[in-house]
Amino acid sequence: MTHRTLVRALLTSAVLAAGVMLAGCDSDQISLAQNAKANQPVPPKLVAAMTEKDMDMQSPILVRLFKQEAELEVWKQTRSGQFALLKTYPICRWSGDLGPKVREGDRQAPEGFYSINPSQMNPQSAYYLSFNTGYPNAFDKALGRTGSQLMVHGDCSSRGCYAMTDEQIGEIYSLGRESFFGGQKAFQLQAYPFRMTPVNMAKHRNNPNMPFWKMIKEGYDHFEVTKQEPKVDFCEKKYVFDAVKAPNATRDPVFDASAKCPAYVIPEEIASAVREKEQQDAAETAKLVSKGTPVARLNTGIDGGMNAIFASKIPEGNTGLSEGGDSQALQSMSLARAPGTIPGTVNPPRPNLAVQQEEPVVATTSSTARVASANTSDKSEGFFSSFAQKVGIGGTADASKTTAPPPAPVAAAAAKPKVAEAKPQSVVRVAPKAEPKQAAKPAPKPQATNTAAAVPAPAASSTQLAGSAPVVQTNSFDTRFSAVK
């Protein structure tokens, strides 16, 4: 077993090194073939889970993301050909609001269906490891939506991305790598505001994003009833799932996101199963609405969310727009083990008091202005970029995402804050990493403005974790990465 593992590792390094040399013999690129983070093996527990669920190590994967639940799911194809859930990862941090990304700098994490090919994998990300979501896709572009470098990465820090712990992204990255070595040309990423259940559809029924959510729910339902990766196309500025040529057609339909839809059909066995599910869900949603299910509260300036398991580890932690509990529920979860190292600089979501409004009655999106993202240069191609070129897959390797600090929001004239004053953020290193940050991370500017650091940290409260001590925030997300604005 050890011999086979060693041989495989050597062959992998040889293939990657050869691809790098073909790409131009850049010394930084050649070192990627020996990148320890990108080459770490799939953990034994996951290997055992694959065996138990009748999965091959290199079978295809599929990823689903849910903002409200703050969870990332990795599905893997079994030997039967269908996908089964392998593991669910709590998301450490996501930013923005429930709803799709619309423009560069709106801080939104994207929603929709995206394709991840080997060139989008980045082993030398400043956020430990990462892969580019591929936003904007053809649908986004047809609507004139803008944005770039939207990633799933480590480091628990987000400015329009989905952030995991370093240990989590290491596992997810290894699963993607193995699927590529097994022949999968790209894996599908499905990003949702929440699990598309009747309860959630009823709660968010008045949200202006509901037409878009109902459209991507069709893809969600296709996957739910078939447990197969849905084929995704775009036409007339909308998503189309599992389309095939009409019975009398001589060739497959050609789709253009901005053009009229071609003649196509959806296989009856899929269409009928999806139709039945949609009817059941619609009936249940209507029943919940008739019973007076309250609509979701207005986003009063809260920037994104985080899973409760992470919020429970941080003094004054908050789940934000993600599902969470009261302070007692979070305190009880603090005894559970965190799924990875939480950096001391993690910034939990907090309400923006300047834009809080009167008691909301309908769910809607925040109109608060958000800061524009600064793109980093594509200095180097990703770990799999040469490999992708060899198998004929295009794409731009993603770089580490950095952004400028947000401007102070303008207070609404009619706003009436529910809280007298906001407490300055306490930053506590809950679980410091044993090793220093990767050299690839840019150094902070000496003169970078750090609002949190300018305010003294409050005294430790009675709810503070034992053994922790608040310190002045000198290494916030803004200052660490402001040097590359």
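There are 2 disulfides to find here, a disulfide being a pair of cysteine sulfur atoms within 2.5 Å. Before you click, know that this is a predicted model, where local features need pLDDT of at least 70, side-chain atom pairs count only at pLDDT 80 or more, and totals for chains, interfaces and linings use all residues. Residues are numbered from 1 along each chain as its sequence is written, and side-chain values use heavy atoms, with hydrogens and water left out.

Start by selecting Cys 92 and Cys 156, which are joined with an S to S distance of 2.4 Å. This bridge ties together distant parts of the chain, 64 residues apart: Cys 92 sits in the loop between strand E3 (83–90) and strand E4 (93–94), and Cys 156 in the loop between strand E8 (151–153) and strand E9 (162–163). (Helices, H or I, of at least four residues and strands, E, of at least two are DSSP runs, numbered from the N terminus.) Look along the S-S bond: its torsion is about 105°, so this disulfide is right-handed.

Next, select Cys 235 and Cys 261, with S to S at 1.9 Å. Here the torsion is about 85°, so the disulfide is right-handed. Cys 235 counts as buried at 0% relative accessibility, and Cys 261 is buried at 17%.

Last stop: click Cys 161, buried at 1% relative accessibility.

Methods
Buried means under 20% relative accessible area, exposed over 50%, partly exposed in between (1.4 Å probe, protein chains only).
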